[in-house]
Amino acid sequence: MAVAGEPYRCSLEVRWADSDRLGHVNNTKVVEYMQEARIKFLQSGELGRGAVAVRKMDVEFLRPLKDESGPLTVEIAVLHVGVRSYTLRHTILDRNGVVCAHGDAVLVGFDVRSETSRPLSDGERDVLDRHRVAEAH
């Protein structure tokens, strides 16, 4: 079921050390950009209070990022919310708004004491629902 949520957005710089001698950003740095944006998202609301662990992540590299691609915009949209986990879509856009990469991550609520999954709180669900754009099937 589609929900009228808005993706979370943040801006990130392409750092000098992120690229090779040809000026292309290394693919591992693209995953780091997604992680950096995800941390900002998690700290932006109630989500920052409960521990989570990344269970799975898939990334598709669509266009090369270069030194001059920044500042980048990273959008994070919630695709699915379950009882103990949720799926985030990370989309990286260059300074011209061109989509260069996207990746989906499954995050699991995590109890640090028992080192097991935990149910998501109502507060977490409220924040996730504000950024939910589509229900995964």
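Guide: Please note at the outset that this is a predicted model.

Visitor: How many aromatic pairs does the structure hold?

Guide: The structure holds one aromatic pair. It consists of Tyr 8 and Phe 41, whose ring centres are 5.4 Å apart and whose planes meet at 55°, so the pair is tilted.

Visitor: Which elements do Tyr 8 and Phe 41 belong to?

Guide: Tyr 8 is in strand β1 and Phe 41 is in helix α1. The two residues are 33 residues apart, and the pair links distant parts of the chain.

Visitor: Let us turn to the core. Which residues have the most contacts inside the largest nonpolar core?

Guide: They are Tyr 33, Phe 41, Leu 65, Tyr 86, Ile 92 and Leu 128, in a core of 28 residues. At least two residues of this core come from each of β1, α1, β3 (72–81), β4 (85–93), β5 (99–111) and α2 (122–130).

Visitor: And which element gives the most to this core?

Guide: That is α1, with six residues. As general background, nonpolar side chains in soluble globular proteins tend to be buried together.

Visitor: What is Tyr 86 in contact with, leaving aside its neighbours within four places in sequence?

Guide: With those neighbours left aside, the contacts of Tyr 86 include Leu 42, Leu 47, Val 52, His 80, Ala 105, Leu 107, Leu 120 and Leu 128.

Visitor: On to the strands, then. Why is β4 described as largely enclosed?

Guide: Seven of the nine residues of β4 are buried, so the strand is largely enclosed by the rest of the structure.

Visitor: In what sense do β3 and β4 pair, and over how many bridges?

Guide: They pair in the antiparallel sense over eight bridges. Within this pairing, Ala 77 stands opposite Arg 89 in β4. A hairpin of three residues joins β3 to β4.

Visitor: How many bridges join β4 to β5?

Guide: Nine bridges join these two strands, which run antiparallel. Thr 91 has His 102 in β5 as its bridge partner. Here the hairpin has five residues between the strands, and Gly 97 in the turn has a positive phi of about 85°.

Visitor: New topic: how many salt bridges does the structure hold?

Guide: The structure holds nine salt bridges. One of them joins Arg 132 and Asp 129, with an N to O distance of 2.5 Å. Arg 132 is buried at 13% relative accessible area, whereas Asp 129 is partly exposed at 35%.

Visitor: Which residue forms a salt bridge with Lys 29?

Guide: Lys 29 forms a salt bridge with Glu 32, and their closest N and O atoms are 3.6 Å apart. Being three residues apart in helix α1, they are separated by about one helical turn. Lys 29 is partly exposed at 21% relative accessible area, and Glu 32 is also partly exposed, at 36%.

Visitor: And Asp 18: buried or exposed?

Guide: Asp 18 is buried, with a relative accessible area of 4%. Asp 18 forms a salt bridge with Arg 15, the closest N and O atoms being 3.4 Å apart. Arg 15 is partly exposed, at 34% relative accessible area.

Visitor: Finally, where does Val 25 lie?

Guide: Val 25 lies in the loop between β1 (8–12) and α1 (27–43). Val 25 is buried, at a relative accessible area of 7%. Beyond its neighbours within four places in sequence, Val 25 has contacts that include Asp 18, Tyr 33, Leu 65 and Lys 66. The C-alpha atoms of Val 25 and Lys 66 are separated by 5.4 Å, although the residues are 41 residues apart along the chain.

Notes
Residues are numbered from 1 along each chain as its sequence is written. This is a predicted model: local features need pLDDT of at least 70, side-chain atom pairs count only at pLDDT 80 or more; totals for chains, interfaces and linings use all residues. Side-chain values use heavy atoms; hydrogens and water are left out. Helices (H or I, at least four residues) and strands (E, at least two) are DSSP runs, numbered from the N terminus. Buried means under 20% relative accessible area, exposed over 50%, partly exposed in between (1.4 Å probe, protein chains only). Contact means heavy atoms within 4.5 Å. A salt bridge is a side-chain nitrogen of Lys or Arg within 4 Å of a carboxyl oxygen of Asp or Glu. Rings of Phe, Tyr and Trp (its six-membered ring) pair if their centres lie within 6.5 Å; planes under 30 degrees apart count as stacked, over 60 as edge-to-face and the rest as tilted. A nonpolar core is a set of buried Ala, Val, Leu, Ile, Met, Phe, Trp, Tyr and Cys residues joined through side-chain atoms within 4.5 Å. Two strands pair if DSSP finds at least two bridges between them.
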